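Hello,

Here is the structure I promised to pass on to you. Please open it beside this message, and then read on for what turned up in it.

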Amino acid sequence: MELFLTAILILAAAALVTALLAALASFCPPSAANCRTANCLGSCCAALGCLTGLCAVAAGPWDATLILELPWGLPAGALVLGLDPLSRIFLLPVFGLGMVCAVSGGLSLRHTSPREHNLGAHWFFYLLLLLGMVVVMSARDAVLFLLAWEIMSL
């Protein structure tokens, strides 16, 4: 479960950093260095998070259910994440295709002009999509599921 949480934290931290790069690109003139940094950071962190997630899903006994419950400030329920055999099966294509798409996206966007496209925003929303899908597949609380669904659909 620790490796699974590491994958979630990598995706969340990368989303925050790319959001900062996107905000920086919107306030200062576009530069090729910011574009390359956002593209490299976004694609590499997405691929690393997905690879860590694949290792977490494949590791451990497949017939066991792993659950992590953390308290949070909402009046109903707790933040509960779990990995059971069915969620592991659904997480395999999320992490596998997420990694393939991150690598191919990083390669195809490397020659993008910074005046055409804000790659920080692109990778921020891609990482949010991955993070939302992972939490949707592993949520064991209705409120967390709905929040993750909204993040995924953003």
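Let's begin with a pair of helices: α1 and α4 pack at an angle of about 155 degrees, and their axes lie 8 Å apart. Axes here are lines fitted to C-alpha atoms, for helices over the stretch in contact, and angles run from 0 to 180 degrees between N-to-C directions. That angle makes α1 roughly antiparallel to α4 (the word is used for angles over 145 degrees). Helices are DSSP runs of H or I with at least four residues, strands are E runs of at least two, and both are numbered from the N terminus.

Before going further, please note that this is a predicted model, where local features need pLDDT of at least 70, side-chain atom pairs count only at pLDDT 80 or more, and totals for chains, interfaces and linings use all residues. Residues are numbered from 1 along each chain as its sequence is written, and side-chain values use heavy atoms, with hydrogens and water left out.

Back to the pair: α1 passes α4 in a left-handed crossing (the near helix is turned anticlockwise from the far one by less than a right angle). Among the residues that meet are Phe4, Ile8 and Leu11 in α1 and Trp123, Phe124 and Leu127 in α4, where contact means heavy atoms within 4.5 Å. By class, this contact has 15 nonpolar, three polar and no charged residues. Ala, Val, Leu, Ile, Met, Phe, Trp, Tyr, Cys and Pro count as nonpolar, Asp, Glu, Lys and Arg as charged, and the others, Gly among them, as polar.

Helix α4 also packs against α3 (residues 85–108), at about 170 degrees with the axes 9 Å apart. This makes α3 roughly antiparallel to α4. Their contact includes Phe90 and Phe95 of α3 and Tyr126 and Met133 of α4.

Next, α2 (residues 32–58) and α3 pack at about 155 degrees, with axes 8 Å apart, and are therefore roughly antiparallel to each other. α2 passes α3 in a left-handed crossing.

Finally, which residues lie nearest the centre of the largest pocket? They are Ile8, Leu79, Leu81, Val135 and Leu144, out of 16 lining residues. On a 1 Å grid over the protein atoms alone, a pocket is an open set of points where a 1.4 Å probe fits, with protein on both sides within 12 Å along at least five of seven lines; lining residues have an atom within 4 Å of a point. The lining divides into 15 nonpolar, one polar and no charged.

Best wishes

Key: Parallel < 35°, antiparallel > 145°, perpendicular 65-115°, else oblique.
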